[in-house]
Each structure stands twice: as structure tokens, then as C-alpha cells.
Amino acid sequence: YSFCTLLVHLKTKMGCGGSVEDNEVIVPVTNAAVKILSKVHVSRGKGTMRIQGEIAAKHRFFYPGQYGLFLFNGLPGGPQTRSYTLHDITGAGPQSFGFTVKKQPGGIVSSWLHKEETDSTVTVSLLAVTGGFHWKKIVPGLGDVKVLILAAGAGVTPMYAIMNPVFTNGRCVPKVVDVVMLYGEREFKDFSFSEEFDKWKRHQTHSLQVKYFTSRERHENAEHGRISAMVAKESCPDIADRIVLMCGPGTFFEDITNGLKENKIATAGVVKEPF
């Protein structure tokens with residue numbers, strides 16, 4: 001889509017100001033001004049930053065796991081649009097949200113967001129919220145569920161977004177969640193959200209197991225190698241009882257999907273979130 005066509009398509013589908021409880025595609029406010037409140041690095045290599053933003057909203061305007069389309073005005077090269085997965089901010093009001101950005105070499109927007117002091121002449125707007133990667137879509141009845149998460153690189157971001165309310169505020173999540181997550185990065189310093197994951201492991205209602213994999217280096221706290229269908233089966237023997245959620249770069253989906261078929265590995269369903 002071009003920028004203008006996307007907005008017209010979203011408005012035609014459900015109109016402006018739709019309720020997050022009833023719609024999968026939301027346009028909360030046309031060109032809603034975003035105020036950036038805080039930033040914090042979430043990976044050891046300092047390459048990934050979590051940003052807290054705020055818009056003027058009286059009600060929750062997204063499901064954690066959906067993504068927002070942002071417009072940045074005032075940066076070199078003219079207006080820039082980017083999409084980022086949205087997640088809740090614990091203890092904050094309905095107008096607050098968070099998103100996570102990995103700094104890209106030469107990236108116009110990511111470089112600006114990673115600055116300690118962002119230029120006040122740059123304006124940020126939230127144009128739309130969309131996406132079906134959230135619990136009410138994955139588990140419509142929001143009953144008990146067992147999940148196997150397979151994430152690589154930046155693919156951990158939507159996984160963090162849907163797990164955060166499970167282990168914090170319980171907003172729009174299944175009653176009981178049993179999660180096994182296999183998370184891969186090139187090097188151990190690249191892992192994001194590890195402090196949150198360690199804290200969530202102690203949750204009394206929901207269960208979380210996390211296994212880290214590094215493809216480039218060997219590390220005492222991670223298994224060496226890439227995540228594959230056979231690795232998933234070996235790491236999670238009850239995979240047949242679990243919904244598999246996947247997000248990763250390149251051929252990550254294709255390789256694992258083909259591996260599941262070739263090795264006749266049954267699951268309770270597969271949900272893929274592209275980025």
C-alpha cells in the first residue's frame with residue numbers, strides 16, 4: 001500500500017474510532033500525536049530500545065501484539081512511516097503504550113529514536129493500529145491454553161507483547177497459560193527482555209520456560225545452534241498439545257513449517273507473525 005491508500009482502506013473497512021473490543025483493525029484518532037515519555041535499553045548489546053509513548057485516548061485502543069503505523073515528520077529524507085508492535089505499560093493508563101526498536105546501521109528512524117535526546121522539531125503521529133496477533137484471535141474463548149513460542153532475532157518483540165499482560169495485568173488473556181519459549185539470537189548479548197522473562201518464571205498462575213539459543217557463539221547459558229522443528233520437538237515433548245507461535249527473520253517460518261511436515265510432528269495449531 002501507499003501511505004494514502006492504507007488509510008483509505010482502513011477507514012472503509014470499519015471507520016474511525018472503532019472499539020478495540022469489537023474490531024481487529026482500529027484507527028484510534030487520525031494523526032494522533034505521540035508523546036515519547038521514556039526509553040530504556042533492553043538488550044545487553046544496547047542495540048534494542050524500549051520506548052514508552054502516549055496519545056490522547058480515553059479507552060484502550062489496541063490489543064497487545066497488534067502493531068501501530070507511525071509517521072515521523074522532520075527527519076532527513078522527508079516523512080518516514082514505520083510499523084512497531086505495541087505492548088502494555090504496567091501500571092499506566094489507557095493512553096500509554098510501549099514499542100521496541102532495534103537500531104539499524106544507517107537507519108533514519110531507529111537512529112533518531114536511539115538518541116539520548118531526541119530532536120523536538122521531529123513530530124511523531126500514530127496513524128492506525130492493526131493486526132491479528134493477539135490472544136483474542138489466537139484463543140477466541142480465552143480458556144486454558146498451552147503454547148510453544150519459537151522466536152528469532154526481532155521476532156521476540158511480538159512475543160513479549162502478548163506475554164507481558166499474561167504475567168502482569170491479565171488484560172485480554174487466557175485464564176491459564178503454560179508457555180515454553182525457544183528464543184534464538186546470534187550472540188548472547190543480543191537477547192532482549194531476559195530480565196522480564198526471568199521474573200515471569202516465578203509467576204504463581206501461569207507457567208513459563210525459556211530456552212536460549214545462540215547461532216554464532218557458544219555461551220554457558222545458551223544452547224548452541226539454530227531453532228528447528230526437531231529442536232522444538234526435543235525441547236518440548238508435548239508439542240502436539242500446544243499451539244505453536246512463530247516469529248523470525250528470513251526463511252524462519254518456511255524452514256520450521258517444512259520441518260514439522262517432513263518429520264510428521266503434530267501440533268495443536270500454528271500461528272505465524274511476519275515482520
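**Notebook: strand β9 and its surroundings**

I began with β8 (residues 145-152) and β9, two strands that run parallel and are joined by eight bridges. I note here that the model is predicted.

Next I turned to β10 (residues 207-214). Strand β9 runs parallel to β10 as well, and eight bridges join the two. I picked out two positions along this pairing. Val179 has Leu208 in β10 as its bridge partner. Further on, Leu182 stands opposite Lys211 of β10.

**Cover on β9.** Is the strand mostly covered or mostly open? I found that β9, spanning residues 177-185, is mostly covered, with eight of its nine residues buried.

**The whole sheet.** Six of them form an open sheet, and I wrote down the order as β11-β10-β9-β8-β12-β13, with parallel pairing. Which strands are at the edges? They are β11 (223-224) and β13 (270-272), each of which pairs on one side only.

**Helices on the sheet.** I looked at α7 (residues 252-262) next. Helix α7 packs on the sheet and touches β8, β12 and β13. I noted its direction at about 150° to that of β12. Helix α4 lies across β8, β9, β10 and β12. Its angle to β8 is about 145°.

**Crossovers.** I followed the chain from strand to strand. From β8 the path goes over helix α4 (residues 156-167) to β9, and these three make a right-handed β-α-β unit. Helix α5 (residues 194-200) takes part in another: with β9 and β10 it makes a right-handed β-α-β unit.

**The core.** I looked for nonpolar residues packed together. In soluble globular proteins, nonpolar side chains tend to be buried together. Here the largest nonpolar core has 34 residues. I listed those with the most contacts inside it: Trp135, Ile149, Met163, Phe197 and Leu245. Which elements each supply at least two residues of this core? They are α3 (135-138), β8, α4, β9, α5, β10 and β12 (243-247). Helix α4 gives the largest share, seven residues. Apart from this core lies another, of 22 residues, and I noted Val34, Met49, Val124 and Val129 among them.

**Phe197.** I checked what Phe197 touches, leaving out residues up to four places away in sequence. Its contacts include Val156, Tyr160 and Met163. Met181 and Tyr183 are also among them, as are Leu208, Val210 and Tyr212. Ser192 is touched too.

**Glu196.** I moved to Glu196, which is found in helix α5. Why does Glu196 count as buried? Its relative accessibility is 15%, and buried means under 20%, so Glu196 counts as buried. Setting aside neighbours within four places in sequence, I found Glu196 in contact with Arg50 and Tyr160.

**The chain as a whole.** The secondary structure comes to seven helices and 13 strands. The chain has 275 residues, and 49% of them count as buried. Its accessible surface is about 13200 Å². Carbon and sulfur atoms account for 49% of that surface. I also looked at contacts with a separation of 6 or more: residues 24 or more positions apart account for 69% of them.

How values were computed: Residues are numbered from 1 along each chain as its sequence is written. This is a predicted model: local features need pLDDT of at least 70, side-chain atom pairs count only at pLDDT 80 or more; totals for chains, interfaces and linings use all residues. Side-chain values use heavy atoms; hydrogens and water are left out. Buried means under 20% relative accessible area, exposed over 50%, partly exposed in between (1.4 Å probe, protein chains only). Helices (H or I, at least four residues) and strands (E, at least two) are DSSP runs, numbered from the N terminus. Two strands pair if DSSP finds at least two bridges between them. A crossover is right-handed if, with the strands pointing away from the viewer, the path from the first strand over the helix to the second runs clockwise. Contact means heavy atoms within 4.5 Å. Accessible areas come from the Shrake-Rupley method with a 1.4 Å probe; for residues, only the protein chains shown count as cover. A nonpolar core is a set of buried Ala, Val, Leu, Ile, Met, Phe, Trp, Tyr and Cys residues joined through side-chain atoms within 4.5 Å. Axes are lines fitted to C-alpha atoms, for helices over the stretch in contact, and angles run from 0 to 180 degrees between N-to-C directions.
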